[in-house]
Amino acid sequence: MKFTVVSAFPVLVAAIFAQTATAVVRPVKDCTNTDKWDVVVIGSGTAGSIVAAELATGSPDKCVLVLEAGKNSGQVLKEHDAEKLPQSQNGFFEKSWTTVHESPETAWNTPGTYDVLNCWGGECEYGWPDRRALTAKIVGGGSSINGALMQYPNLETWDAYPKGWKFEDMQPYLDKIEEKMGATSYPSADGKHYNDDKGSDIVKEAMLGIGFRESEDAAFFMPQAYTMGIPRVCAKNGRRTSPASEFLAPALDQTNIQLWTEAEAEKILLDASSTKATGLDIVLKGEKQTIKLADNGLVVISGGGIMTPEVLLNSDIGPGLKVDNDAVNKGLTDKIVSNAEFHVPGLKKYEISPPTQEHQDLYVEKQSGPLAQFGPLLAGFIDASLDDTEPGKKNTVEFFVGASQKDDEVKVYFVHFTPKKDLGGGTFDRDYTTRSFKKAMDVVAEAMGKKGYEQTNEPDKFPLNAMNHPAGTCEIGKCVDENTLLLKGGVTNIAVVDNSLLPEQAVVHSVFSLMAIALRAAGILNNFWGEVQIQNDEL
Ligand SMILES: Cc1cc2nc3c(=O)[nH]c(=O)nc-3n(C[C@H](O)[C@H](O)[C@H](O)COP(=O)(O)OP(=O)(O)OC[C@H]3O[C@@H](n4cnc5c(N)ncnc54)[C@H](O)[C@@H]3O)c2cc1C
């Protein structure tokens, strides 16, 4: 996607090409038997997969180890091995599909499994029970279990970022991610859109009736109020894509990178002066062990907005600790989600748990049909600005509709893109979010009412749930240096790259923005050893 208000863009690209032109390409090191790692990346999630892969390819003379606490997923399996996969919520995918059909498909790369994959309480083995929110524990991280919505962030997303991380700096990286990830509105391999007759068509007609505009880009490129469209998702040829499938899996063919699964980093070990990480205590398949870092080694923490601060605090890094860093574990934010229900007589629900045999066969044989269709089918945007919305900012609420899961009912979800930080110490300002939702829900209720569809929940009573985009717990510029991504506080070789860096919630669903951040961060970290080798060379 090209967007050309930006004068610094050509300068940046020229600078990158100049660096690439003088790049020294080294042979790939064989790290099969190494016991000292040049790079340890904690977490193979959305950000970690990109950083690890780009470091392995950009610095081929370095040995890179990726530690992933969870099990494998369809995102990096070279050959299908159902026994090693975690079971999806109700288990039927691995058990019936793979044995009956001897198919390589797994729940983890089948788009339509979203509703049976998510485990909102975090109680499944690919979540972290006992943590404050659902956060992924599986190769690919959130990108293996999420709704895969890709939205090109609005310009204002970057307002709160430090110099060097504004929109004009990020645009080339966003474009590269768009190209690489295959964001599409039509994930099914046969190019058709499925499940539109399961409620989204009803809401679309209602919203058109009150003046909303529909367009192909509406739910992707810098979403605007009063527009709607089919969302884009990460998929290629009917299968989910993620940074693990598109970046990490190909990199793992190299001899200088290894991925260890069921490998949880417990603690980073520091030298006596607490200025250098020297190794890590980990638990590998239930066994404790210590791994060593090479003399000029680097640790990159990519555990996500909830787990990264936990690793830091366990390692004596945080406010008033051995490495004194005031910004660790501060400023947690999330998007907030709610819903409203409408009575639509005659609407038939979509059978997903389990799916019909016909749908299973269509997917297994052709990667097509309703099981190739991710959850959200229609997304639109409402300006919910209030008297106390910060001047110059937007207050956007998204609505989206998936396939109905109950006969005679349409459930419309609402996402508060820009919750206010709660200065009293909570995660978000409840009152502001509640009033924003109310304003947006009234718009949808009016549209549905005009078509004769009654709202069945009490209009003033709706849930406020975390959206699972936890961010801000090691903010860029405060917790890490924005030029190096290295932690502040005196330690010289620990970086953080994941949602923790985000100063604010992106004004869209955020994985797209995060992938671009991770790509740029990897380019910077490839300079950690003081020489430019290959820096995001395809940009
Ligand atoms: C159900 C759900 C639906 C979502 N839908 C969307 C969507 O449609 N669009 C969108 O933009 N965003 C969506 N999100 C949010 C998005 O997926 C996350 O914001 C994003 O994945 C965060 O990326 P991350 O790299 O920070 O962390 P993660 O992707 O969570 O990766 C962290 C990884 O680190 C591993 N890890 C953590 N601690 C350790 C440790 N100590 N040792 C070893 N490994 C460790 C974890 O197991 C995990 O694999 C959704 C999230 C969820 C949970």
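## Basis of the model

Residue numbers start from 1 in each chain and follow the sequence as written. The model is predicted, so local features require pLDDT of at least 70 and side-chain atom pairs count only at pLDDT 80 or more, while totals for chains, interfaces and linings use all residues.

## Overall architecture

The protein has twelve helices and 21 strands, taken as DSSP runs numbered from the N terminus (helices H or I, at least four residues; strands E, at least two). Of its 539 residues, 53% count as buried, where a buried residue has 20 or more other C-beta atoms within 10 Å of its own, with C-beta atoms placed from the backbone.

Among contacts between residues at least 6 apart in sequence, 74% join residues at least 24 apart. Two residues are in contact if their C-beta atoms, placed from the backbone, lie within 7 Å.

## The ligand shell

Around the ligand there are 41 residues, of which Gly43, Gly45, Gly141, Gly142 and Gly147 come nearest; a residue belongs here if its C-beta atom, placed from the backbone, lies within 6 Å of the molecule. Two or more residues of the shell come from each of α2 (46-58), α5 (142-145), β10 (263-270), α9 (304-314) and α12. The most is given by α9, with four residues.

By class, the shell has 15 nonpolar, 22 polar and four charged residues. In this scheme Ala, Val, Leu, Ile, Met, Phe, Trp, Tyr, Cys and Pro count as nonpolar, Asp, Glu, Lys and Arg as charged, and the others, Gly among them, as polar.

## Packing around helix α12

Helix α6 (residues 167-181) packs on helix α12 (residues 511-525) at about 110°, with the axes 8 Å apart. Axes are lines fitted to C-alpha atoms over the stretch in contact, and angles run from 0 to 180 degrees between N-to-C directions. The two helices α6 and α12 are therefore roughly perpendicular, a term that covers 65 to 115 degrees. Their crossing is right-handed, that is, the near helix is turned clockwise from the far one by less than a right angle. Met170, Tyr173, Leu174, Lys176, Ile177 and Met181 of α6 make the contact with Phe512, Met515, Ala516, Leu519 and Arg520 of α12. This contact comprises nine nonpolar, no polar and two charged residues.

Helix α2 also packs with α12, at an angle of about 30° and with the axes 8 Å apart. The pair α2 and α12 is therefore roughly parallel, which applies to angles under 35 degrees. The crossing of α2 and α12 is right-handed. From α2, Thr46, Ala47, Ile50, Val51, Glu54, Leu55 and Gly58 meet Val511, Leu514, Met515, Ala518, Leu519, Ala521, Ala522 and Leu525 of α12. Twelve of the residues in this contact are nonpolar, two are polar and one is charged.

## Helices α7 and α11

The axes of α7 (residues 200-209) and α11 (residues 430-450) come within 8 Å and cross at roughly 100°. That angle makes α7 roughly perpendicular to α11. Ala206, Met207 and Gly209 of α7 are in contact with Ala447, Met448 and Lys450 of α11. By class, four of these residues are nonpolar, one is polar and one is charged.

## Leu259 in strand β9

Leu259 lies in strand β9 (residues 257-260) and is buried, with 22 other C-beta atoms within 10 Å. Leaving aside residues up to four places away in sequence, Leu259 touches Ser44, Val66, Glu68, Val76, Leu248 and Leu252. Leu259 and Ser49 are separated by 210 residues in sequence, and their C-alpha atoms are 9.9 Å apart in space.

Definitions and conventions
Parallel < 35°, antiparallel > 145°, perpendicular 65-115°, else oblique. Buried ≥ 20, exposed ≤ 12 C-beta atoms within 10 Å, placed from the backbone.
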